[in-house]
Amino acid sequence: MKPLTVIGFLGSTLDASKFGPSRWNKWRPSVGLTMHEDLRVDRFVMLHGSAHTRLAEYIADDIASVSPETTVDKRVLNLNDPWDFEEVYGKLLDFARAYPFDPEAEDYLIHITTGTHVAQICLFLLTEAHYLPGRLLQTQPQRGMPTGAPGSWNIIDLDLSRYDSIATRFAADSAESTSFLKSGIDTRNAAFNHLIDEIEQVAVRSRAPVLLIGPTGAGKSQLARRIYELKRVKHQVVGPFVEVNCATLKGDGAMSALFGHKRGAFTGAAADRPGLLRTADTGMLFLDEIGELGIDEQAMILRAIEDKRFLPVGADKEAASDFQLIAGTNRDLGRAVAEGHFRDDLYARLNLWTFALPGLADRREDIEPNLDYELDRFAEREGARVTFNKEARERYLAFATGAGGRWAGNFRDLAASVTRMATFSPKGRIDSACAEAEIARLTRLWASESAAVDDGLEALLDDGALDELDPFDRVQLAHVVAVCRRSRSLSEAGRALFAASRARRTSSNDADRLRKYLARFGLEWAQLAA
């Protein structure tokens, strides 16, 4: 067995007694812990103030008389105010850093029975954080035993996995937290569930900024609010949830909206404005689409994150706000940094905890539980319960989870789709006809959205020709058209489009090759050059 060292405070009240034989009629924890036959203490590090030096010497002598094998190491630790948490923790931390711990050579127990409640809490925290590399020791008098008996002792192991009931409770609490973040939706996508597990751990254990990335409608805003509500339930924030869409902050008004202004700072500033950052004090600030902020606003946001201070517009005195930050974006911020549109120091500050939310099309197995969730939301919002009949549900889910379900707007598309079907079902039942009508509506909607981003092919081809285009051909043709429109001649466009393959041919006529490609779609160079 390795030697055992116990570290603890001298109990100025519990260890005190009359200096005489009667002291053995009282339970004294520092003496009692060395009197147990089943607890051999090789060294007792006794912390005490200078005012209690005589008591410390007296206790050390009594320990020597009952446990000669125990070496008492008296350490003076003076506290101006033993109830001042900051002072007690700071001096105990200094002690822990200076003490020559050697866990490979000896074991340590931290005695938390003596000392003020503040000292006991600090010993617990330092042990949990491994500044004190040991386990906690509790002692107490034992009922029915003589008053001078050593009492009982118990070791508290902070490895909660050793306690089945506690481990089970913590596992249930963690599962409840992740379900809370998912709004109670029984999601089935393994990657998404793992992502939520990670976010739950970060949310309850870290105050650092969190960056949520993902396409529009992927649920960044809703998840940010659920993170806030989870931290509020756990009493980690007390202030409000403040959501800001940075894409709406443009020009001079951006600074004023975020950081506030003083009266008279600019034309129209008729009164002081606190600003959204100050409104979020002690709460949470969600900066959605943070990639849309201007460079100047980014610099001030960085200062506010790091120093909790910023300068309102027109003010000569800084304001303070201690908020937790969640940022959201659908942009590639790394690319934005490379292009000079986003500050690299702000990106580095945000990039500690980055979570990429997948779009709905990437987690199709979650469409069915989210369908039920949206029906529940409709019932809460409108006060009317609407359900699917079996055939309609099967038909809608077959479309939604199949190749035809593009879900370009992600969960916003799904929410809107459910709302439409529920609204067109006044009898509370979505039937097959209603589902088919919605499927047709979504198909038209997504087709028009696809056409809208194809560089105006609808202006070159009639509806029949467009309908005959496969999506692959449409993307390729749109790129060819774009190259042609920015080229000065057919030959120049051909050289740009066929640059790689030209090197592998013995002869080439890029203009003729491009002319034949355009002819497949009934197009001529003159149309594009015009």
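Start by selecting Leu 350: beyond its neighbours within four places in sequence, Leu 350 is in contact with Pro 209, Leu 211, Ile 290, Ile 305, Leu 325, Ala 327 and Phe 342. Keep in mind as you go that this is a predicted model.

**The core around Leu 350**

Now widen the selection. Leu 350 belongs to the largest nonpolar core, which has 30 residues. Those touching the most other members are Leu 258, Leu 277, Leu 285, Leu 287, Ile 290, Ile 301 and Leu 350 itself. To see where the core comes from, colour the elements that each give two or more residues: the strands β8 (241-245), β9 (284-288) and β12 (324-329), together with the helices α8 (253-259), α10 (295-307), α11 (333-338) and α12 (344-350). Which of these elements gives the most to the core? Select α8, which supplies 5 residues.

There is a second, separate core to show as well, with 24 residues, including Leu 360, Ile 367, Ala 422 and Leu 442. Hold on to Ile 367, for the next stops return to that residue.

**α13 against α14**

Select helix α13 (residues 367-382) and helix α14 (residues 390-401): their axes lie 10 Å apart, at an angle of about 125°. That angle makes α13 oblique to α14, and the crossing is right-handed. Show side chains next. On the α13 side you will find Ile 367, Glu 368, Leu 371 and Asp 372, which meet Arg 393, Tyr 396, Leu 397, Ala 400 and Thr 401 of α14. Coloured by class, this contact has 5 nonpolar, 1 polar and 3 charged residues.

**α13 against α15**

What are the distance and angle here? The axes come within 9 Å and cross at roughly 55°, so α13 is oblique to α15. This crossing, too, is right-handed. From α13, pick out Ile 367, Asn 370, Leu 371, Glu 374, Leu 375, Phe 378 and Arg 381.

**Two backbone stops**

Between α14 and α15, centre the view on Trp 407, which sits in the loop joining them. Its phi is near 50°, a positive value in a residue other than glycine. Is Trp 407 buried or exposed? With a relative accessibility of 1%, Trp 407 counts as buried.

For another residue of this kind, jump back to Lys 308, in the loop between α10 and β10 (309-310). Lys 308 also has a positive phi without being glycine, with a value near 60°. Here the relative accessible area is 28%, so Lys 308 is partly exposed.

**Last stop: α19 and α21**

Finish by selecting helix α19 (residues 490-497) and helix α21 (residues 510-519). Their axes come within 8 Å and cross at roughly 90°, which makes α19 roughly perpendicular to α21. Show Leu 490, Ser 491, Ala 493, Gly 494, Arg 495 and Leu 497 of α19, and you will see them meet Asp 510, Ala 511, Leu 514 and Arg 515 of α21. The residues of this contact divide into 5 nonpolar, 2 polar and 3 charged.

Definitions and conventions: Residues numbered from 1 in each chain as written. Predicted model: local features only at pLDDT ≥ 70, side-chain atom pairs only at ≥ 80, totals over all residues. Heavy atoms only, no water. Axes fitted to C-alpha atoms, helices over the stretch in contact; angles between N-to-C directions. Helix = DSSP H or I, 4+ residues; strand = E, 2+ residues; numbered from the N terminus. Parallel < 35°, antiparallel > 145°, perpendicular 65-115°, else oblique. Left-handed = near helix turned anticlockwise from the far one by under 90°. Contact = heavy atoms within 4.5 Å. Nonpolar A, V, L, I, M, F, W, Y, C, P; charged D, E, K, R; others polar. Core = buried A, V, L, I, M, F, W, Y, C linked by side-chain atoms within 4.5 Å. Buried < 20%, exposed > 50% of the residue type's maximum accessible area, 1.4 Å probe, protein only.
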